[in-house]
Protein chains: 2
Amino acid sequence: MAGLDPLIRTLEARGTLIPLQKEAIARLKIVEREYRPGEDLIKEGDYPRSSIAILKGTVFRYRIVGEGRRQITAFHIPGDLPDLQALFLKRMDHSLAAASESVIAAHIPHDSITQLLDTDPLLAQLLWRLTLIDAAVFREWIVNIGRRDAVRRTAHILCELMFRMRAVGLAEQDSCKLAITQTHLSDALGLSLVHVNRSLKELREKKLISLRQGLLTIHGWKALVEIADFDPAYLHLK
Amino acid sequence: MAGLDPLIRTLEARGTLIPLQKEAIARLKIVEREYRPGEDLIKEGDYPRSSIAILKGTVFRYRIVGEGRRQITAFHIPGDLPDLQALFLKRMDHSLAAASESVIAAHIPHDSITQLLDTDPLLAQLLWRLTLIDAAVFREWIVNIGRRDAVRRTAHILCELMFRMRAVGLAEQDSCKLAITQTHLSDALGLSLVHVNRSLKELREKKLISLRQGLLTIHGWKALVEIADFDPAYLHLK
DNA sequence: CGCGCTATTGAGAGAGCTCAATGTGCGTGG
DNA sequence: CCACGCACATTGAGCTCTCTCAATAGCGCG
């Protein structure tokens, strides 16, 4: 029963589920699999036949461009469905990988999702909504990379991650477990590793954050939000 | 009857419509409205009660950040549904404006869209698919802004726009009408106006493109695609 | 104990930015 | 029909934010 609990929490943070729907989700036949740090869950060009729900760990989407330059386009946390779009966009146009910690993912066959959608239009709407929120986050990332300098940009992504972890009950106090390295951050922010390190240093020296060994802590939420110009409206949480 | 033809062409470029579905779309009650260059169609914070189908002209989505820095997150061309997400994400988290030419937009009440979705699950899937493709384009923009230098980045967006115009029959030969200025491009690419001008100059001097008075022409498609590292897979066209 | 991954710091180089001036085309009023 | 205003495009020049190269440090694990 515990299996898809994270997914249910994620759905409830963004919409409403009645008990019957939770039961239907809990009844889904899933295959759990563990992935090593850095391992790909799906590769660009794949045609997945099931969708993934993250149960544990951090996952990111990425594309390699030019001569090995990597751009991360999203981070995903437990409860997320990072490849739901493959339900209707058959071919993967990007890859999905486990971040610095081993990841446990539930594979849900497309067939059973489709079946669920057919019988429950409201749940279908909620899943659609989830993909729309993904898109809203992508837009915010465009804004972040396009128009904020390195320190604000770094601050913004940390605000987003903490906010999302909180929304699904994965943060306690001001801390949450986030197994991402500075290399991940640099590839997500379109910055160099060195510059991310210096931006983090600046935030650290202002006593706003600490990030080490997979633990993100925000000591000065208010000031960080101010620097980042962070407005959580785009996350469309309840 | 001519009203929503651009929308039908856009849908058919990304999925299949049977005659019955086209008729249902053609029967939708719409209100057409014209917008002056620069005018907002929708503003951040609005709660739209209808969705927009662009019939003529170029539209863009944007957000203002910090001290008036604008980031454009998408361009939209005739046939596009640039605010379809508002169907399930009630509050707009960004604005929508007409580019340099007057725009004609059809307003389709959410009620009639919802009704259509309820009675036609396949059409619902196609519209869902449309929003997923939007998201794929957002991802590509993240990659473009995050990891490509100015010239490649500029080349890439021009490839995308031309490709999309072609897909809905709005390009002839190597030219298409695109009423966007260098200011729009700079806000879309996360570059300064001056630098976009210089990037365009470089592409122009290599005899690859020309862009003036709202007409984009690509003289060296192959070389441009090469420079841009452009792969249209992310547009998920048929 | 040493390898490998991640983080940190220094320093020089460069892509892209800002400020500022000039050019160009078009619509409008006299 | 011409002068003017306005929006957009172009070019020059100096500056700065961010990058790359390179070296060092810290930590966990076999």
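## A sheet in chain B

In chain B, four strands form an open sheet in the order S8-S9-S11-S10, with antiparallel pairing. Two strands are said to pair if DSSP finds at least two bridges between them; helices (H or I, at least four residues) and strands (E, at least two) are DSSP runs, numbered from the N terminus. The edges of the sheet are strand S8 (171-172) and strand S10 (209-212) of chain B, each of which pairs on one side only.

S8(B) is joined by two bridges to strand S9 (residues 175-177) of chain B, and the two run antiparallel. Opposite Glu172(B) stands Ser175(B) in S9(B). In a regular strand the side chains alternate between the two faces of the sheet.

## Basis of the model

This is a predicted model, in which local features need pLDDT of at least 70 and side-chain atom pairs count only at pLDDT 80 or more, while totals for chains, interfaces and linings use all residues. Residues are numbered from 1 along each chain as its sequence is written, and chains are lettered from A and ligands numbered from 1 in the order in which they are written.

## Chain A as a whole

Chain A contains eight helices and eleven strands. Its C-alpha atoms fill a box of roughly 50 × 40 × 30 Å, taken along the principal axes. A compact globule of 238 residues would have a radius of gyration near 18 Å, and chain A agrees with this because its own value is 18 Å. The radius is taken over C-alpha atoms, and the globule rule is 2.2 Å times the number of residues to the power 0.38.

Of the 238 residues of chain A, 48% count as buried. A residue is buried if 20 or more other C-beta atoms lie within 10 Å of its own, exposed if 12 or fewer, and partly exposed in between, with C-beta atoms placed from the backbone. Among the contacts in chain A with a separation of 6 or more, 75% are between residues 24 or more positions apart. Two residues are in contact if their C-beta atoms, placed from the backbone, lie within 7 Å.

## Strand pairs in chain A

Strand S6 (residues 95-98) of chain A is joined to strand S2 (residues 40-42) of chain A by two bridges, and these strands run antiparallel. Asp40(A) has Ala97(A) in S6(A) as its bridge partner.

S6(A) also pairs with S4(A), in the antiparallel sense, over four bridges. Here Tyr62(A) stands opposite Ser95(A) in S6(A).

## Two copies and their contact

Chain A is superposed on chain B by a rotation of 180° with 0.0 Å of shift along its axis (RMSD 0.0 Å). This is the relation of a two-fold axis. The superposition is by least squares on the C-alpha atoms of residues with pLDDT of at least 70 in both copies.

The contact takes 34 residues from chain A and 34 residues from chain B. On the side of chain A that touches chain B, strand S4 (59-65), strand S5 (69-76) and helix H4 (121-147) of chain A each supply at least two residues. H4(A) provides the largest share, 16 residues. By class, this side of chain A has 14 nonpolar, ten polar and ten charged residues. For these classes, Ala, Val, Leu, Ile, Met, Phe, Trp, Tyr, Cys and Pro count as nonpolar, Asp, Glu, Lys and Arg as charged, and the others, Gly among them, as polar. The copies meet through the same surface, because 100% of the interface residues of chain A are also interface residues in chain B.

## Arg139 of chain A

Arg139(A) lies in helix H4 of chain A. It counts as buried because it has 25 C-beta neighbours inside 10 Å. Leaving aside neighbours within four places in sequence, Arg139(A) is in contact with Thr73(B), His94(B) and Phe138(B).

## Surfaces near the DNA strands

DNA strand C is surrounded by 16 residues, the closest being Thr181(A), Gln182(A), Asp149(B), Ser192(B) and His195(B). A residue is near a molecule or strand if its C-beta atom, placed from the backbone, lies within 6 Å of it. H7(A) gives the most to the surface near DNA strand C, with six residues. That surface has six nonpolar, seven polar and three charged residues.

DNA strand D is likewise surrounded by 16 residues, and the closest are Asp149(A), Ser192(A), His195(A), Thr181(B) and Gln182(B). The largest share of the surface near DNA strand D, six residues, comes from H7(B).
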